[in-house]
Amino acid sequence: MNDRTGSDERQLDALLAACAGGDREAFRSLYRFGSPRLFGLLLRMLGRRDLAEDVLQEVFVTVWNRAGDFRSSRGSATTWLTSIARNRAIDALRKSSRRPLSAVEPDELPGRADPFGEVALDQSSARLGECLELLGDDYRHSLALAFFEGLSHSEIAERLGRPLGTVKSWIRRALESLRGCLEA
Amino acid sequence: MNYTGERLADRLAAEYVLGTLRGPARRRFERLLEAHPVLRAHVRAWEERLGPMAARVAPVRPPRRVWRRIRRATGTSRGVAGAWRAWAMAASLLAAVLLGYFSASLLPGPPAAPSYAAVVTGGHGRALWLVTADVRRGTLSVRAVGRVPSPGRHSYQLWLLAKNAPPRSLGLLPSSGSSRHPLPRSWLAGRRGAVGIAVSLEPPGGSPTGRPTGPVLYQATLARG
């Protein structure tokens, strides 16, 4: 499983490098491989199909124009793509009205129930899963709402019916223990 | 940056990546990022830490119109590359006739499942060939995307690897340009699990035995796209 993930990652790296050289076939392949994962994430964060499609388009236009930046950034290709998608989604959330959840069919929202309950997909994800397990439920839940649904501090506080200050400190401490655990 | 500043930078980077740094504070932080490599390093570290969480979301295939819009927006659509496409169409038509293979459709399709792709990489992970298998059309296309080392007086030969079966020749590989190979029907019918491709160095014109005889130089997994 880890081998497969590693080889997928190398393929994405190579595709991005080819995109930087203006290779359209590589761009097309990159879209085929990369888009379903990113689209699932965007649907989750934005809760609106039309908006998720717009942002996915923006993401790949950005990727095509900035593929050359990737080489120098040294991280993994998946992480790079994910970061662009999440940043664009957060910008879109700021500009658009808050998701009318009714606009999305329930089966279009992947894995809404328990984002941390699924089987870890690769090594880094497995380690992260272990570290997330060590967090208290409130910490973990707050992190999940921020990461997967793009909620702000005050939106999380509202969702959980807790004071804003409490939620802020949960998230701060959750991030600190996560870092400590991942570096251990 | 002193210790307190370093801690603050790390905290802001974490909340920026998580997405809880919002509004004007987020904008300010993005402006700071432009100017401060140290801050960018913090952000990158947090992206690597939190990014794998995204793997927990089930993938959803986007509708085809998104890809059409992306191609228009990036100028990578057929209109712009008209001449090249026309040439590719003619070449593929010729290949189909020569190989006695009748393709169901030569229309360049939008991303449609199922398809497979692999990037054959050489030293330092540099891409050499881009291999895409189109199951609907029953063809495998290979394009040299990087500077492929000259095989000298030898030939590069492409092999299809499948579970519990000997490697199967797909033909000779070009050092530049592109080629198209029909996929064996047996593979199309039974494809599942891990499959890959391999490139070996063979006598001019290819292996005389139907099996790889020279060194296997490259291998890659055909991943489903």
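In which sense do strand 4 and strand 5 of chain B pair, and over how many bridges? Strand 4 (residues 155–161) of chain B runs antiparallel to strand 5 of chain B, and the two are joined by five bridges. Strands here are DSSP runs of E with at least two residues, helices are runs of H or I with at least four, and both are numbered from the N terminus. Two strands count as paired if DSSP finds at least two bridges between them.

The model is predicted: local features need pLDDT of at least 70, side-chain atom pairs count only at pLDDT 80 or more, and totals for chains, interfaces and linings use all residues. Residues are numbered from 1 along each chain as its sequence is written, chains are lettered from A and ligands numbered from 1 in the order in which they are written, and side-chain values use heavy atoms, with hydrogens and water left out.

In strand 5 of chain B, Leu173(B) is the residue opposite Tyr156(B). The open sheet of chain B has four strands in the order 5-4-7-8, with antiparallel pairing.

Strands of a sheet pair through backbone hydrogen bonds.

Chain A has eight helices and zero strands, giving the pattern α-α-α-α-α-α-α-α along the sequence. Of its 184 residues, 55% are buried (under 20% relative accessible area, 1.4 Å probe, protein chains only).

Methods:
Buried < 20%, exposed > 50% of the residue type's maximum accessible area, 1.4 Å probe, protein only.
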